[in-house]
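Dear colleague,

Please find below the structure that I am handing over to you. My notes on what was found in it follow.

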Amino acid sequence: MSTVELKLSRSNRIYRPSELLQGKIIIKSSSSISHYGIHLTVNGSANLQVRGGSAGVIESLYGVIKPIKIVKKSIEIRASGKIGSGTTEIPFAVTLRQPGEDNLERCYETFHGANISIQYMATVDIMRGYLHKSLSATVEFIVETDKADCLEQPVSPEMVIFYITQDTQRHPLLPELKSGGFKVTGKVSTQCSLLSPISGELTVEASAVPIRSIDIHLLRVESILSGEKIVTETSLIQTTQIADGDVCRNMTLPIYVILPRLLTCPTVLAGPFSIEFKISIVITFQSELSKLHTKSDPTTPRLWLAMETLPLELVRTN
Amino acid sequence: MEFRPRNYIAEEESHALPRSRVHDHPLFTSCPPANHLQVDFVDHENHDFIDPLRAPATNEVVSIEGVQDGESSFTVPSKAATEAFVKEWTSFKRFLMQKFPVSKMVSISSMSDVIIKTSNANLKSSTSKHLEELDDPEKFAEEDVKVITGQEYVSRLHELKDEIKHAWSAGDRVTSLKLSIKVARLLMDTSVLQFYPTLFVLATEVMDMLGDMVWERIKKKAEFAEDGTRLCSLSENFKAHNICFDAKETCYNWFCKVGSTRELLPRIYLELAILPCWRFLVDRPEESLQRLVLMSRGLADPLASSFCRLYMAHCAQKLPSCDIGHLITSVNDVKILLMRILSTKEITHGKSMNNRGLLVSLMEPTIEYTMKCIFKDASQRQVGSVLVELGLGRNQVELFADNPCVSVVLHHLLKELPSEVVSSNAVELLRLIECSSDKSYDQCLNYRLLGFRLCERRPKLDIVNTVADRIIQVVTLHDKLGDFLKIVDPYVDIFLQNQMDNHLNTILEGVSERACSKEIVEDDVVVLHSILKKLLSHFKDLEYVFALNHFLEILDVMYGSSRSIIDMQILNMATRNGHINNPTTIELLFEVCHSLHDGIDFANVKDDDYQQPARLISHFVLMVDYGAEIEQHLTFLVECRGAFGSINELKETLVHSSNRLATKALKDGRKHLSFVKSCIAFSEVTIPSISAQIRQLNLYLESAEVALLAGLISHSDGLVDSAISCMQSVDLINGPLAQVDVDALVTSIQKLCSLLVMVPGNPELGVTYALKSILSLINSQSWITSRMKIKIFCAIISLSATLSQNKLPYNADLEILSNDLFYGDSSYVQELVSLSEHVLWNLVEVIEQEPSRAARGGMALEACNCIASSFKINNDIQPVCSKLIETAKSSLSPNDKYLQSTIKFLELQQPFDFTNQLRS
């Protein structure tokens with residue numbers, strides 16, 4: 001039995017494009033193996049896919065759009081030869097991107113979305129001729145923007161002030177909400193470093209109908225250029241409750257949302273696709289009706305909900 | 001046989017030790033030698049070891065400097081402080097669980113699936129569920145609750161804790177976290193009300209456990225590389241820059257994971273659980289607390305919110321610096337929540353108004369704990385700013401008196417404020433209490449607490465006066481006795497200390513107005529007890545207390561054990577300072593005794609339970625002294641006998657008292673003879689009702705002595721007779737007599753014999769009548785052992801020998817003739833000799849029959865000594881003595897001291913040839 005394993009030098013597997021991707025190939029074998037060369041391949045691509053949502057039937061038939069190559073490299077680590085029995089460790093180091101080679105796409109940050117996925121993989125292959133199955137192992141590593149390309153600290157503490165009242169809602173509301181009225185005000189940051197939480201505050205100034213919950217939804221907006229159309233899909237990444245129950249009026253509640261890793265990346269506006277984010281403040285009022293719809297999508301406007309959605313620009317900072 | 005003639009006066013002189021005057025007290029050692037010793041000792045000590053209490057003072061200085069250096073920016077809780085905090089928290093948790101015990105059934109909402117999963121809750125069968133749903137879908141949606149027993153709930157939580165621990169040790173930290181979130185989520189369901197504190201304790205134990213595990217894991221990452229080599233060792237007060245990148249990454253990841261929890265409440269709890277881990281990332285971890293406390297404002301449910309803040313106060317103490325800002329925000333927010341609860345008229349949060357009291361009482365411990373944390377190490381200056389921030393202070397030194405506060409918050413604030421702040425702001429605090437009269441706490445208890453706090457540290461006189469006047473005004477408005485007493489209780493101390501007699505009178509009057517007309521409840525009796533106790537311990541003089549207005553009335557409305565305790569305290573006080581002379585006082589105390597006596601349920605208590613009251617009553621009777629009014633005193637004794645007849649101990653006291661009374665009367669010569677007779681008659685009548693014969697015997701002897709002193713020979717004869725006959729009825733129901741009782745009896749009989757020296761022989765019954773009675777008693781009673789017989793026989797022989805002397809060693813009174821009367825009457829001496837001879841043979845016989853060798857030897861020597869000192873050693877006696885010595889020699893070692901001294905004694909007493917015989 002022989003196995004091969006790829007182990008990266010960093011336990012969090014985060015590398016920057018200008019850095020060396022380092023690690024070691026670990027081969028464990030009960031007997032010695034002869035091979036025709038050990039190769040390491042680094043592959044980075046943006047995979048786009050249009051499905052459901054606003055895409056039409058035809059587009060969804062085509063489904064996968066050709067991936068956009070970001071990086072592809074293959075190097076020979078060892079020429080053909082023999083590997084002794086037991087555990088063999090072969091260290092390696094690969095430059096992800098030479099300063100000169102600018103022909104390819106930008107090195108986007110790793111991102112796993114619903115329709116867009118930007119992924120970087122390292123694969124090792126040990127070729128063993130026709131008689132033996134070749135050994136291989138793959139590991140994903142995470143790419144973050146180079147420090148040099150990052151925005152200078154600090155992110156401007158830009159806050160947007162919001163008002164949520166019965167009159168700011170574009171969807172129908174329960175009659176008692178409409179007549180009784182409510183007012184929730186606050187402010188929230190609209191540009192935010194990936195390393196710091198989304199911050200802000202919120203105050204329930206008035207509400208005739210008791211509040212059941214106030215939640216902050218973090219949304220991602222993925223857009224793909226498909227043919228001549230832009231297909232956009234908005235999906236929910238994370239919900240953070242900031243008020244549970246009918247909170248006291250005129251008490252300031254903090255908004256504090258830690259951004260989930262991998263599910264977020266700096267806002268990207270590339271040619272063929274874009275990744276943007278939004279936050280949505282949703283107030284749920286106590287209502288008998290809501291109990292019958294417990295499983296519904298929380299972002300859908302309902303009679304007992306009031307909401308305010310704001311754009312959120314995410315940036316990478318040092 | 002012939003009695004040896006004795007000259008008692010000469011013998012006494014020859015046996016007395018020579019006396020000489022000394023200059024120094026033998027127990028008072030002079031100084032110089034002792035000093036020498038001590039110096040040597042100290043020197044020795046210094047070389048050998050260091051006494052920790054006398055360690056060089058330099059050490060102390062160093063440690064103080066160290067503290068000052070470290071304190072400038074950062075204080076790490078010392079190990080001792082941490083332990084104290086852990087201990088405190090543990091006992092607080094126990095208190096919570098005890099205060100709110102697990103109720104039988106707990107209904108839980110459907111979201112607590114983690115609990116339901118494995119426990120067999122009463123799930124409705126799917127068909128019936130379906131039917132119900134059809135019936136009324138809305139109703140079903142609302143009442144989707146399940147019921148399980150509290151015990152099941154608790155055991156399920158314990159299981160969960162174990163599962164989390166196991167998952168963690170198996171490396172499955174994700175599962176650990178997921179389960180922990182589920183546990184935290186349980187705390188969202190506050191419909192369990194009474195069960196919530198228990199739930200909180202169990203759930204936070206899980207949180208703390210998770211927090212510790214995460215802390216250890218990250219610390220390990222920071223200290224050790226992946227391959228196990230040690231990178232560094234973190235000191236207690238490490239900084240974020242000491243932490244390696246990997247450890248920081250892991251730590252940040254934990255905060256991300258926790259932060260992604262959707263619901264607010266579990267998110268706060270989990271972040272609190274791993275709060276100390278902020279130290280790996282930032283140098284000022286306490287800043288997160290300020291955010292967390294604001295986040296908890298989002299919890300609208302007052303119960304969930306206040307317990308969450310409690311956990312926050314607990315977790316904050318794990319951080320090195322103790323910033324109390326967040327605690328103050330917390331208290332202020334809870335205040336708003338409480339005001340909301342108290343002001344709401346209709347049903348809120350699904351809880352009816354009936355639950356409002358329960359809700360406040362559930363929240364109270366959380367307020368209590370937070371307040372404790374705030375004032376734990378607060379300096380006076382800090383206290384000032386705390387008060388300002390709590391909205392109660394106008395500035396550092398001045399309080400807003402007219403800003404009402406929620407009374408339950410005020411209560412715990414009052415409890416924790418430093419006593420000097422309380423005493424200097426007493427007037428303002430009083431005003432604050434007055435205007436904070438909501439339903440969250442009994443206002444009376446706040447007045448009461450203020451009183452207690454003021455007792456700790458006495459305020460300035462003008463403040464005391466203002467407070468006292470104000471309290472009197474306040475209290476007179478309370479018509480219920482309970483409220484009145486609650487408020488007044490602590491202030492009684494203050495009034496007493498400051499001699500505010502008019503206030504004291506007002507209070508006593510107030511109590512009597514409210515109490516004396518109707519039945520009073522047990523709780524009030526307890527408070528009343530406390531007040532009376534204070535009065536009693538404050539005044540030294542009982543008569544002054546009795547003279548207080550209404551004191552006696554108030555005493556009369558009390559009942560039960562409180563009454564008995566007060567009665568006892570009064571009696572204790574009364575008998576503490578010597579004799580009681582005032583007839584009015586005696587009268588009142590007699591009534592007190594009466595009530596105490598009535599309070600004892602003789603049928604149902606063990607001896608121990610009423611010993612104390614019985615002793616006090618007896619002591620009182622003993623201390624009563626009517627002075628010259630001896631007749632009145634005797635009347636008093638008679639009354640006592642009638643009233644407290646069931647106390648044995650007391651009857652003894654009565655006999656002693658009447659005997660003492662008789663002796664006192666005798667001092668004035670013989671003019672009170674008839675009174676003395678009454679006293680003796682009283683004793684004679686009282687003694688038989690005492691149950692123990694030994695006591696009876698002694699009392700008879702005592703009374704006989706008194707009678708003899710008074711020259712009442714026929715009385716004393718009668719009493720001696722009774723003494724002997726009472727021995728005939730010694731009670732053997734409880735098995736054979738104990739050794740103590742046997743010894744006591746022998747001593748009493750010996751005493752009787754020595755008394756008989758003074759009693760003139762009765763010519764009608766024969767001079768040896770009493771002796772014969774004793775002898776017949778000895779031979780007839782089965783409980784008399786051979787050892788007793790020897791002693792009594794010896795006593796009789798000695799008595800007979802004494803009675804035969806020309807001059808008796810002592811007399812009762814010069815006026816009364818003893819048996820000197822018979823001196824020279826040969827028949828009298830003959831009678832004594834023949835009696836002695838008879839006794840002598842009995843004695844020898846008893847010794848011979850004694851089975852135990854060792855006992856036999858001792859007896860023989862005792863008898864021998866007695867015989868040798870009573871009789872002339874002649875041919876009749878000599879063989880007896882030799883025989884006894886032989887018996888002793890055969891059973892004792894020849895070196896026995898008693899044997900040797902007895903032989904020596906015999907040598908001195910007799911002719912030479914006999915001595916040779918003994919030596920052989």
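Among contacts in chain A between residues at least 6 apart in sequence, what percentage join residues at least 24 apart? The figure is 72%, where two residues are in contact if their C-beta atoms, placed from the backbone, lie within 7 Å. In chain B, residues 24 or more positions apart account for 75% of the contacts with a separation of 6 or more.

Two remarks on conventions are in order. This is a predicted model, in which local features need pLDDT of at least 70 and side-chain atom pairs count only at pLDDT 80 or more, while totals for chains, interfaces and linings use all residues. Residues are numbered from 1 along each chain as its sequence is written, and chains are lettered from A and ligands numbered from 1 in the order in which they are written.

The two chains

Chain A contains 2 helices and 21 strands, and chain B contains 44 helices and 2 strands. Helices (H or I, at least four residues) and strands (E, at least two) are DSSP runs, numbered from the N terminus. Of the 318 residues in chain A, 31% are buried; for the 920 residues of chain B, the share is 37%. A residue is buried if 20 or more other C-beta atoms lie within 10 Å of its own, exposed if 12 or fewer, and partly exposed in between, with C-beta atoms placed from the backbone.

Where the chains meet, 22 residues of chain A are in contact with 23 residues of chain B. On the side of chain A that touches chain B, β17 (229-244) and β18 each supply at least two residues. The most comes from β17(A), which gives 7 residues.

Nonpolar cores

A nonpolar core is a set of buried Ala, Val, Leu, Ile, Met, Phe, Trp, Tyr and Cys residues joined through C-beta atoms within 7 Å. The largest one has 262 residues, and those with the most contacts inside it are B:Tyr269, B:Ala863 and B:Ile867. Helix α10 (residues 196-223) of chain B contributes the largest share of this core, 12 residues. Apart from it lies another core, of 31 residues, which includes A:Tyr120, A:Ala122, A:Leu135 and A:Val143. Once its neighbours within four places in sequence are left aside, B:Ala863 is in contact with B:Ile790, B:Cys794, B:Leu843, B:Ile847 and B:Leu884.

Helix α23 of chain B

Helix α23 (residues 461-476) of chain B has 16 residues, which at 1.5 Å a residue should span 22 Å; its end C-alpha atoms are 23 Å apart, which agrees. The expected span is 1.5 Å times one less than the number of residues in the helix. The buried residues of α23(B) include B:Val464, B:Val467, B:Ile471 and B:Val475. These four residues cover an arc of only 70° around the axis, so they lie on the same side of α23(B); the arc is that of the directions from the helix axis to the C-beta atoms. On the other side, B:Asp462, B:Asp469 and B:Gln473 are exposed. The cover over the buried residues of α23(B) includes α21 (426-435), α22 (443-456), α24 (481-497) and α25 (501-515) of chain B.

A sheet in chain A

In chain A, 4 strands form an open sheet in the order β12-β13-β15-β18, with antiparallel pairing. Two strands pair if DSSP finds at least two bridges between them. At the edges stand β12 (159-165) and β18 (252-257), each with a single partner strand, so one side of each is left without a neighbour in the sheet. Strand β12(A) pairs with β13 (residues 182-189) of chain A in the antiparallel sense over 7 bridges, and A:Val160 stands opposite A:Val188 in β13(A).

Individual loop residues

B:Lys318 is in the loop between α15 (302-316) and α16 (325-343) of chain B. With 19 other C-beta atoms within 10 Å, B:Lys318 is partly exposed. Leaving aside its neighbours within four places in sequence, B:Lys318 is in contact with B:Leu275 and B:Pro276.

Although A:Arg13 is not a glycine, this residue has a positive phi of about 60°. A:Arg13 lies in the loop between β1 (2-8) and β2 (14-15) of chain A, and counts as partly exposed because it has 17 C-beta neighbours inside 10 Å. A:Leu262, also not a glycine, has a positive phi of about 65°. A:Leu262 is found in the loop between β18 and β19 (268-269) of chain A, and its 11 C-beta neighbours inside 10 Å make it exposed.

With kind regards
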